[in-house]
Amino acid sequence: MNQPLRHGTKLASALAALLVVLTACGGGNGKGDQASSSPSSAAASPQASPAASAEQVTIEYWQYEFPAKVELIDELIQEFQTLHPNVIVKQTNFPYDQYSQKVATLVPAGKGPDVINLYYGWLPQYVASGYLQPLPEDAFPPAQIESDYYPLVSAAKLDGAYYAIPTAVRTLALFYNKDLFAKAQIAEPPATWEELVDAAKKLTEKDAKGQFVVEGFAWEPGAQLHHWFRDGLLPQAGAQDLSDDRRKVLWDESPAGLEAFQYLLDFAITHETGINGFYNDDINAFKTGHAALNIDGSFRLGALKNDAPDLVYGIAPLPSYKEKSAPASFWANAIPKNVQGAKLEAAKEFLKFLTSKEVQEKWVERVGELPAQKAVGSQDKYVNDEKLGPFIRQLDNSKAHFFIDENQERTLIVNATNEVLLNNVPVEQAFKELVAKTQKIYDDYWAKQDKK
């Protein structure tokens, strides 16, 4: 698995098998109201790990129903139990749309998991609700986390403690249709804000009635563009996202914030190179050849391979401006608050196993998400890969926004863009209201925390 890329046909075939990982924080594709469980018996092994408990202990792992992840965890459980024959790991899965409800109901009652997989944007609510305990520092020293992981891991640190650790991460890059680029006689993908605008204009095609035939730039704020705004455009323009204590929204502290918001909107209102809902959404528009440029994540690679096998496309880093910055997000593993004793020791060992180099490599090749640790992600076989490389190379400049409520914060940005497009509200006013409404989410959250 450590062979260089020139011998890496295994990686190429693995990419061909990637499944769709859902946009933003993901989504479920399971059906029914019942949880599914995959218990595994302890594997026979003549040697037990020194850290294994003297008596057999059973722990439970929860994640949402996503086939590639469920299958891989089942295999990893068998590997782990070979190393830790006194530990039995049971995997339980719920449909995505039921996941948080199950956590809220069962974890406080002491009926939840011993290790839980969750979207990092849920962490503030989970910690505030008392669902999680800080990661034990004897197993996960904070200094080592900050040394080993890409900068985005800081989003898992609350009140001075890390509450979760990622196995794999996601970032965004620029997808471009090579056939449409050739038709427009554009030799290279855009590397700057100005080049992105110029390319989008040249690539846009409309019919005699002025209706889009091809979007030069797929414009869907509710998909990935709201992430691009916060952790891409804002810092690239020189603006800050949040104060160091995460209490104050700083988007309007300098003209750079409004400049970033205006840039996002101009693709729709000034340049007219894309519009919300064309061909249903940006994903469908791109894979059917009706969008020349689209900002999306590495989790889209498998879907394009399966759904659009004849699409000729490339990946480039996000165009930059005054600074370089790319949005990042991750699913992470954590330990619920009520896990103690032998179960806690077993949970720590399982969590260390899930964050090992070997497991992170399997996650890349089987699921399509990127390595969370710098030493893993910087390997030649990933950095030099035609499709994965542009994502990997951005991770050193990646940022993961500290969400109080991911759904509400996304909706506010979508609503602000709609105010401009549909209700002719001036961009400056829409931006001012967006900042104020976002700030209220943070004020309400911190007011509750301060009363505890």
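Reply: **Charged pairs and a helix pair**

Lysine 352 is partly exposed, at 35% relative accessibility. This is a predicted model, so read every value here as computed from it.

Start with the partner of lysine 352. Glutamate 349 forms a salt bridge with lysine 352, and their closest N and O atoms are 3.2 Å apart. Both residues lie in helix H12. They are three residues apart, about one turn of the helix. Glutamate 349 has 16% relative accessibility and counts as buried, because the cut-off for buried is under 20%. Salt bridges with shared partners also join Lys357, Glu361, Glu365 and Lys381 into one network.

Helix H12 holds another charged residue to look at. Lysine 348 forms a salt bridge with aspartate 138, with 2.7 Å between the closest N and O atoms. This pair links distant parts of the chain, 210 residues apart. Lysine 348 sits in helix H12 (residues 341-354). Aspartate 138 sits in the loop between strand E5 (132-133) and helix H5 (142-148). Aspartate 138 is exposed, at 60%.

Next comes a pair that involves helix H18. Aspartate 450 and arginine 247 meet through their side chains in a salt bridge, 2.9 Å from N to O. Here too the pair links distant parts of the chain, 203 residues apart. Aspartate 450 belongs to helix H18, while arginine 247 lies in the loop between helix H8 (221-237) and helix H9 (255-269). Arginine 247 is partly exposed, with a relative accessible area of 31%. In total, the count comes to 19 salt bridges.

Now follow helix H18 to its packing partner. Helix H17 (residues 406-423) packs against helix H18 (residues 427-450) at an angle of about 165°, and the axes are 9 Å apart. That angle is over 145 degrees, so H17 is roughly antiparallel to H18. The crossing of H17 and H18 is right-handed.

Which residues meet where H17 packs on H18? From H17 come Gln408, Glu409, Leu412, Ile413, Ala416 and Val420. From H18 come Val427, Ala430, Leu434, Lys437, Thr438, Ile441 and Tyr442. The residues of this contact divide into nine nonpolar, two polar and two charged.

Methods: Residues are numbered from 1 along each chain as its sequence is written. This is a predicted model: local features need pLDDT of at least 70, side-chain atom pairs count only at pLDDT 80 or more; totals for chains, interfaces and linings use all residues. Side-chain values use heavy atoms; hydrogens and water are left out. Axes are lines fitted to C-alpha atoms, for helices over the stretch in contact, and angles run from 0 to 180 degrees between N-to-C directions. Helices (H or I, at least four residues) and strands (E, at least two) are DSSP runs, numbered from the N terminus. Angles under 35 degrees count as roughly parallel, over 145 as roughly antiparallel, 65 to 115 as roughly perpendicular and the rest as oblique. A crossing is left-handed if the near helix is turned anticlockwise from the far one by less than a right angle, and right-handed if clockwise. Contact means heavy atoms within 4.5 Å. Ala, Val, Leu, Ile, Met, Phe, Trp, Tyr, Cys and Pro count as nonpolar, Asp, Glu, Lys and Arg as charged, and the others, Gly among them, as polar. A salt bridge is a side-chain nitrogen of Lys or Arg within 4 Å of a carboxyl oxygen of Asp or Glu. Buried means under 20% relative accessible area, exposed over 50%, partly exposed in between (1.4 Å probe, protein chains only).
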